[in-house]
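Q: I would like to learn how to read a few features of a protein model. Can we take them one at a time?

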Amino acid sequence: GPFPSKPIRMIVPTAGGTVDLIARVVAPGLSEALGQPVVVETKAGASGNIAAAMVANTPADGYTILTSYNPVAISSFLFQKMSYNISDLVPISLAVTSPQILVVHNDVPANDVAEFIALAKAKNGALNYASISPGSASHLTMELFKTRAGQIQMNHVPYKGAAPAVNDLLGKTVDAGFFGAANVVQHVKSGRLRALAVTGSKRLSSLPNVPTIVESGFPDFDATIW
């Protein structure tokens, strides 16, 4: 019969983060356009690979789709063995792009990128940074930043998604991190987190006083998430 004739499953690789949020915004419109329910399911873990493998290994009939993010493109370079081939996934549409924001909690004595680098050097590896998962843009952007800032040392603390990582940053268990704007803007505006820089090519309209990383002295630094 004509497609679609039954509900569609939309698989999401993280719980409570930007990707989850986007899926829940997109699903109702997609459901209306297709005339079938679109059910969002979370399959977290392994830097998005559990969700991606699940979708890649289902019949190619359009009834199981993936709402994914950067790691789906990064993972094949990071993992020696993968349970799926990236070529098993067919892109449908780019839904959202977003800069990331370098944020610290309020007890971190740094008000801009230069002060943060100086602090990291002074602490000599004692600062902890969170990421939303190993191999995510959140992780690799900080590693790029560390290299570009003159091989500064910090401890990487990976989480299973943005929500628990940001919660621990708010709770001061970890000191810093690069996060998608949607995950941290409200905490910056309420004063619970301090934004040091944004990774896009221009400032965010929602945080006009926060400079870009480029303005902070790092030419060609543009780490956008999608």
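Q: Where is the place of Pro4?
A: First, the ground rules. This is a predicted model: local features need pLDDT of at least 70, side-chain atom pairs count only at pLDDT 80 or more, and totals for chains, interfaces and linings use all residues. Residues are numbered from 1 along each chain as its sequence is written, and side-chain values use heavy atoms, leaving out hydrogens and water. Now the case: Pro4 sits in the segment before β1. Helices (H or I, at least four residues) and strands (E, at least two) are DSSP runs, numbered from the N terminus.

Q: What kind of peptide bond joins Phe3 and Pro4?
A: Most residues other than glycine have a negative phi, and most peptide bonds are trans. Phe3 and Pro4 are joined by a cis bond, with omega about -10 degrees.

Q: Which phi does Gln151 have, positive or negative?
A: Positive, about 55 degrees, although Gln151 is not a glycine. Look for Gln151 in the loop between α5 (137-148) and β6 (155-158).

Q: How are α6 and α7 packed?
A: Two packed helices are described by the angle between their axes and the distance between the axes. Axes are lines fitted to C-alpha atoms, for helices over the stretch in contact, and angles run from 0 to 180 degrees between N-to-C directions. Here α6 (residues 162-170) and α7 (residues 181-189) pack at about 25 degrees, with axes 10 Å apart. The two helices are therefore roughly parallel (angles under 35 degrees). Ala162, Val166 and Leu170 of α6 make the contact with Asn183, Val184 and His187 of α7 (heavy atoms within 4.5 Å).

Q: How many salt bridges does the structure hold?
A: A salt bridge is a side-chain nitrogen of Lys or Arg within 4 Å of a carboxyl oxygen of Asp or Glu. The structure holds five. One of them pairs Glu41 with Arg9, the closest N and O atoms being 2.8 Å apart. This pair links distant parts of the chain: Glu41 is in strand β2 (residues 38-42) and Arg9 in strand β1 (residues 8-12), 32 residues apart.

Key
Parallel < 35°, antiparallel > 145°, perpendicular 65-115°, else oblique.
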